[in-house]
Amino acid sequence: MSTVELRGVSKVHRAERRDTGTGASDGSDVVAVARTDLHLADGEFFVLIGPSGCGKSTLLRLIAGIEPPTTGDVLIDGVAVNDIDPRGRDVAMTFQSSALYPNLTVGENVGFSLRLAKVPRATIRERVREAAALVSIDHLLDRWPRQLSGGEGQRVAMARMLIRSPHLFLMDEPMSQLDAKLRTELRAEIVRLQRRVGVTTVYVTHDQVEAMSMGHRIAVMRRGRIVQCGAPDELYRHPADLFVGQFLGSPPMNAWRALAVADGDGVVLRWMHHELRLDADEVRRFGGTEALHGREVVIGVRPEALHLDATGPLTVSPRFTETLGPHQLLHCTLGAEAVRATDDGLVSADDHHAPIVVAAASSVSFDVWQPLHLGVDVDGIHLFDGEDGRSLEQSVGFGSGPRPTVSAHERRP
Ligand code: ADP
């Protein structure tokens, strides 16, 4: 088990582009990871999440030692390891594909690293059995990799990691090629296993459900930078910006533009013919009435923070519903300018029919085209800056967040 620290770590790829006309190369740089500071606690399950190309895998490879950083230091247990290769760092990695040796049995694949290290055969057999038992593949040890399902292959890959008792587990989208049901099963297994063996783990994914359900902490990345880092619940409830707000949560947070205007000791949020009033208590977390007055904002409300209420302040037009068993998602439109946070910043819709999704009990019925009135849970209202999308909530933190120590209880529940 180990701590991991990144101090001012960046990675710049020199992209060799050749002009087909002149044959000249312009050597433009790609900043895969911008200057990053991060501290992972011993035994922590840390998830890196973000859209494709945001630098997650690069950050993982820098920790593994597969690539050297352009600037900064990687420290494991407080010691700079920039000059130490992956083997010397004692990290175990898994990838999207389980990458097993096809001409070795499952058992031989699991014990391969010990054979290379010339560990006695009897010890290897014993350790293979132990590792296999941990991920429930005891019955597969004599099979060939081609005889395994995708989920079994990933379990074998995990046993291969576990057998080495490494300092760090690094996992790069290990479940992205599995079907949804298997992913759900394996997700719980990986979490249980990590808590049990307590090995510090960095897990890369673009799946927000995995991130929310697996990590002690999550770092959301965009364009080579960590936008926000913290406990899943903290990021979900207090996103640092609209990008994080809409990246975590499915369906994503509803968002539309409004103007904040002082109204007595509270504020009215106005757009088109609508308004939503926040009283003095409610505006306090956004810095108070004066701070908000005259400001262009984006209102963000998650589907579960909306409810049907005949006296509610929002009037929407229902379009269709998605039934999901215990609840349904009502897809409606609101007369408003919808906003979406993208890699390149905020993008506004050019019509005034903002899509609004409401999570409602499946027993609720409604008529399409018959306007519905919605109430909003006050605690569920987020306000973001209308230009850069930053949260206006006062207490929201950015950066690499707190550095919790993972308790023994959390490790081995
Ligand atoms: P992610 O894992 O989040 O999808 P990556 O870490 O793989 O993202 O890549 C981050 C950025 O760095 C991307 O823009 C990618 O195109 C670029 N990149 C990655 N590896 C190289 C490389 N060897 N040469 C040039 N650019 C690269």
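On a 1 Å grid over the protein atoms alone, a cavity is a set of points where a 1.4 Å probe fits but cannot get out, and its lining residues have an atom within 4 Å of a point. The model is predicted: local features need pLDDT of at least 70, side-chain atom pairs count only at pLDDT 80 or more, and totals for chains, interfaces and linings use all residues. Residues are numbered from 1 along each chain as its sequence is written, and side-chain values use heavy atoms, with hydrogens and water left out.

Start with the cavity. Searching the whole structure gives 1 cavity of 30 Å³ or more. The largest cavity holds about 40 Å³ of space, where volume is the space filled by probe spheres set on the points, and grid points are joined across faces, edges and corners. Its lining consists of M158, M161, L162, F169, M171, I190, L193 and Q194. Two or more lining residues each come from α5 (150–162), β7 (168–172) and α6 (180–197). Helices (H or I, at least four residues) and strands (E, at least two) are DSSP runs, numbered from the N terminus. By class, the lining has 7 nonpolar residues, 1 polar and no charged. Here Ala, Val, Leu, Ile, Met, Phe, Trp, Tyr, Cys and Pro count as nonpolar, Asp, Glu, Lys and Arg as charged, and the others, Gly among them, as polar.

A ligand oxygen lies 2.7 Å from a polar backbone atom of G53. For G55, a polar backbone atom is 3.0 Å from a ligand oxygen. Alone, the ligand exposes 570 Å², and the protein buries 61% of that (Shrake-Rupley method, 1.4 Å probe).

The whole structure has 20 salt bridges, each a side-chain nitrogen of Lys or Arg within 4 Å of a carboxyl oxygen of Asp or Glu. One of them joins the side chains of D90 and R164, at 3.6 Å from N to O. D90 sits in the loop between α2 (86–89) and β6 (91–94), and R164 in the loop between α5 and β7, so this pair ties together parts 74 residues apart in sequence.

Key: Polar contact = N/O pair within 3.5 Å; in protein donor to acceptor, adjacent residues only side chain to side chain. 1 Å grid on protein atoms, 1.4 Å probe; cavity = no way out; pocket = protein on both sides within 12 Å on 5 of 7 lines; lining within 4 Å.
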